[in-house]
Amino acid sequence: MRQSDETRFAAHAWDYAMGRSLRSTAVSPERHILIARQERPTLPTILAVLAIGRGRPWLPLIEAALVQIGIIAIRTLLKDTKNDHCD
């Protein structure tokens with residue numbers, strides 16, 4: 001799979017997990033955290049979502065999407081680092 005395809009796959013996985021988590025969470029402070037994570041994913045909001053997700057059926061979807069995103073990020077960083085050392 002090409003990197004552009006992997007990136008697209010990870011983005012779709014993230015969007016799908018986000019949609020599932022929002023659809024299954026009633027209006028509450030937790031839902032506001034999920035919305036914040038969707039609008040501006042940061043380390044604190046992602047960690048909050050992981051905490052909220054304990055025991056929820058959508059947590060594995062979030063975790064799988066984060067793994068895909070992490071793999072792409074690592075490949076990109078390693079490629080950039082390798083290119084930096086070749087100059």
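This is a predicted model: local features need pLDDT of at least 70, side-chain atom pairs count only at pLDDT 80 or more; totals for chains, interfaces and linings use all residues.

Trainee: Why is T45 called buried?

Mentor: Buried means under 20% relative accessible area, exposed over 50%, and partly exposed in between (1.4 Å probe, protein chains only). T45 has a relative accessible area of 16%, so T45 is buried. T45 is in contact (heavy atoms within 4.5 Å) with I33, A36, R37 and R40, leaving aside its neighbours within four places in sequence.

Trainee: And what makes E39 count as exposed?

Mentor: E39 has 65% relative accessibility, so E39 counts as exposed. E39 is found in helix α2, residues 29–39. Helices here are DSSP runs (H or I, at least four residues), numbered from the N terminus.

Trainee: How do you know that the length of α1 agrees with what a helix should span?

Mentor: The expected span is 1.5 Å times one less than the number of residues. With 21 residues, α1 should span 30 Å, and its end C-alpha atoms are 30 Å apart, so the two agree.

Trainee: Which residues of α3 are buried, and what puts them on the same side?

Mentor: They are T45, I46, V49 and I52. These residues cover an arc of only 120 degrees around the axis (taken from the directions from the helix axis to the C-beta atoms), which puts them on the same side of α3. The face turned away from that buried side carries the exposed residues L43 and P44.

Trainee: What makes a set of residues a nonpolar core?

Mentor: It is a set of buried Ala, Val, Leu, Ile, Met, Phe, Trp, Tyr and Cys residues joined through side-chain atoms within 4.5 Å. The largest one here has 8 residues: A17, M18, L22, L34, V49, I52, W58 and I62. Helices α1 and α3 each supply at least two of its residues, and α1 gives the most, with 3.

Trainee: One more: why does T25 count as buried?

Mentor: T25 has 6% relative accessibility, so T25 counts as buried. T25 sits in the loop between α1 and α2, and its contacts include L34 and W58.

Definitions and conventions
Residues are numbered from 1 along each chain as its sequence is written. Side-chain values use heavy atoms; hydrogens and water are left out.
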